[in-house]
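Please look over the sequence and the structure below before reading on.

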Amino acid sequence: MATILPYRPSNDSLSASNNRQTIGLPRLSPAASFIGRSPSSSHGSYRRRSTENAASSSRPRRCKAQYPLDSPERHVEYILVASFHIDRGPIMEHQYPAAISGDESMLAELMLPDQTHVRSQDWTMFFLHKDTSGDEDIDSAVGKRKRKRKSHYHGSPEEADIQDENLDEISDDPESSDDESGEGPPLMYVLNLVNTKQDNTVRRGAVVKAMAICTRHSFLHIYKPLLLLALEDYFKSPFPETLASLYDAVNAMDLSLMPKMSILERHILQSSNTKDMFLEKFEQMIRQREEEELQDGEYPPSPKKMSRYALPRDTHEYESKVVYNDIPIPVKIPTVIWPETVGDFSLIQLIQTFAVPHAASPQAFTAHPHLTTSGPFTHPVIVLVNAILTQKRVVFLGHNRPSGEVAEAVLAACALASGGILRGFTRHAFPYTDLSKIDDLLKVPGFIAGVTNPTFANHPEWWDVMCDLPTGRIKISSHVEPAPVTEGLLFFQQQNSLLANNASHATHDPTGDTLFMEDILRSISQRHGENVIRAKWRAYITKFVRVAAAFEETVYGASNLYVIGPGEELSPDSPTGHQSDASDPTTLRGHGYVWTDDTAKQRELSASVSRIEGWRNTRSYYSYIQDIAAMYFPARPIQRPDIHHHHDRLRAIKLTHSEAASIYLAFSRSVQDYAGICQLLTVAPENQAGLFYVSMGLFHPDQAVREATADLLDRIAVHPAGRHFWAHVSRFAKLGHIRVKRERDAATQSPISGGGSPVPTSFGASFGGEPQSLVGVAMGIGLKRRS
């Protein structure tokens, strides 16, 4: 059943007063001069003014670090060294700073993969489900503080923004989410390097050693240069002191100036290619550090006012360094880390691995309702995603390939199916395993494993989907469990007879997967980059979840995947677009995914019924239900109206003037503060037309709608992230914005003019200058000087 949470005061009540400044945003001036309030004119000087506003605010919000200096958490917890003994096989040589619990022989086997002796170097990754009893006191104390903050959520409106930030901490902590979901403590990620050095003085003719770093951080790929140096040093000096120097160096890495971002800010940053997005947060972190140092007297103020800290060149990555043996090694840590994103992999490489052979010579798949959602010639990447979503056993086979390549394919597949939305895949993933662990592997339902032994290809009873990396082909096992008959399947079988009479030319791709893959491959061929591909897959998984919510509402009457906002009803008497309170535009009803018409909705739901029903009984489904409940307030500061739904209505449906007016007025009334603007920007990413559909309100026939849209764009233009979105708005829309401001100024000045004196209608004349064209103002050209 859909969950209805207690009503929280709307954001417009937090910022309705014109005398109050919203946190992080300057108050808009009510003056009639439109040039002083125009986003085009304010954009150039925003960086300077934002710093002044932050400094002059009476209670500026303190920006917190992702990894504070006083945090007891270590970057690296263990360093392991294993070697191959000619008589005893793989053995563990050293474990620093203490012995790690578990089977040492199993760890040594994982650190020395098959066919290691034929390569001089190889990388591999694996995960450990290790709980540290020594951290229980710290974890319990952190949990108590979080529960205390959550219990004091309902407070005064002035404290709402600060409480939102605390709730962000509660929901964004991956460790707390893992504990609450019953899956246990967070994984320990292990990055392993294997080196083989030829040595004629030993019996085998070569010395094989492996060194591994164990960390709780998923960005473990940054340690690769350090492992290369440390393992070389260990060959020369195989003593614990070598491991100690590496351990101390990596844990001395300073990440305290990396700001902690809310879930909405992370979504905006990940979906954008703007290199200075949220640069203000890094500036604030540096300013806070300098103020702390000044108070402590550590560093006196510089007479030249030069900062000791540098701003990042790209806010998507935080640049730091690790000093190992007096050698500074630069590292780049991703600022935004989504669930199921482990290591450094490439979605583009994974997609091309299976897309290129399919495009050259398509091969039909064995039909399965959960997997071949577009027929026997479903794109292999879609088959792979469907297999992971419906919790099938997936094996990546890389015969005669390095184990590191197989591990990267497994991690990329987990991120592909997750999209940063779903989780529960990496916890049951095995980036590399071998034949000796097949019995343990088969005990895990819905595993994702990487292997190099070709024996797996001859045992289809061990897997449901086999992904052959050398050939680029995907195979569905003959032993895969058939899809059961469900209530949803029976429901839509009755609907198919009605849809058959209304078939159209679009029925060849009812799910839209074919067009989506064509768009992905086109973006890859045009070299749009890894971030664009990840953003599109995130949008694809988001759509899948929203379609699944609509499916549950259609079949079962309510959905577990959506939290109904205040005043919303699941009733035919409460249609989308209906305003329950005529005096309050924010009471606009409607939620969920938007189709162009009911026929398209029934067609897509009917085509997706098997895949959705297969997903509804998986780990990721139940984890997502927990996540939407925990992240409801941080991810949706505006509970009503449904911003995503109504923005999709503007994009997908041809609305009447009154319907569009209700949406624009609702947006202008509800989107007032910092968090509300962030929520709007998340549903209008730059790679999906950005603010285009919002800016179309500037051309609405109703003047009140045009002015409301202009006010909304004013607030967006001075937002730290919104200013970048405004910079990408078309010149045509900016001209419309200027026109609306001119009309308002003329209406304001006309009563003052009196005596029939004409009101100046050309720009520059009202300010004592020469007239200037609208195009010149939109392009940011200053007023012409008098000759």
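## Strands, helices and cores

Four bridges, written here as 4 bridges, join strand β9 (residues 394-397) to strand β12 (residues 465-468), and the two strands run parallel; two strands count as paired if DSSP finds at least two bridges between them, while helices (H or I, at least four residues) and strands (E, at least two) are DSSP runs numbered from the N terminus. This is a predicted model, in which local features need pLDDT of at least 70 and side-chain atom pairs count only at pLDDT 80 or more, whereas totals for chains, interfaces and linings use all residues. Residues are numbered from 1 along each chain as its sequence is written, and side-chain values use heavy atoms, with hydrogens and water left out.

The hairpin of β12 and β13 has 4 residues between the strands, and in it Gly-472 takes a positive phi near 75°.

An open sheet of 5 strands, paired in the antiparallel sense, has the order β3-β2-β6-β5-β4. Because β3 (89-96) and β4 (121-128) stand at the edges with a single partner strand each, one side of each is left without a neighbour in the sheet. From one strand to the next, the twist averages 20°. Strand β2 (residues 78-85) pairs with β3 over 7 bridges, and Ser-83 stands opposite Ile-91 in β3.

Two helices lie across β2, β3, β4, β5 and β6, as the table shows; contact means heavy atoms within 4.5 Å, and angles, from 0 to 180 degrees, are taken between the N-to-C directions of axes fitted to C-alpha atoms, for helices over the stretch in contact.

| Helix | Residues | Angle |
|---|---|---|
| α3 | residues 104-111 | about 105° to β3 |
| α7 | residues 224-236 | about 45° to β5 |

The largest nonpolar core has 155 residues, and those with the most contacts inside it include Ile-351, Phe-396 and Trp-537. Such a core is a set of buried Ala, Val, Leu, Ile, Met, Phe, Trp, Tyr and Cys residues joined through side-chain atoms within 4.5 Å, where buried means under 20% relative accessible area (1.4 Å probe, protein chains only). Not counting residues up to four places away in sequence, Ile-351 touches several residues, among them Val-381, Leu-416, Ile-533 and Trp-537.

Key
Buried < 20%, exposed > 50% of the residue type's maximum accessible area, 1.4 Å probe, protein only.
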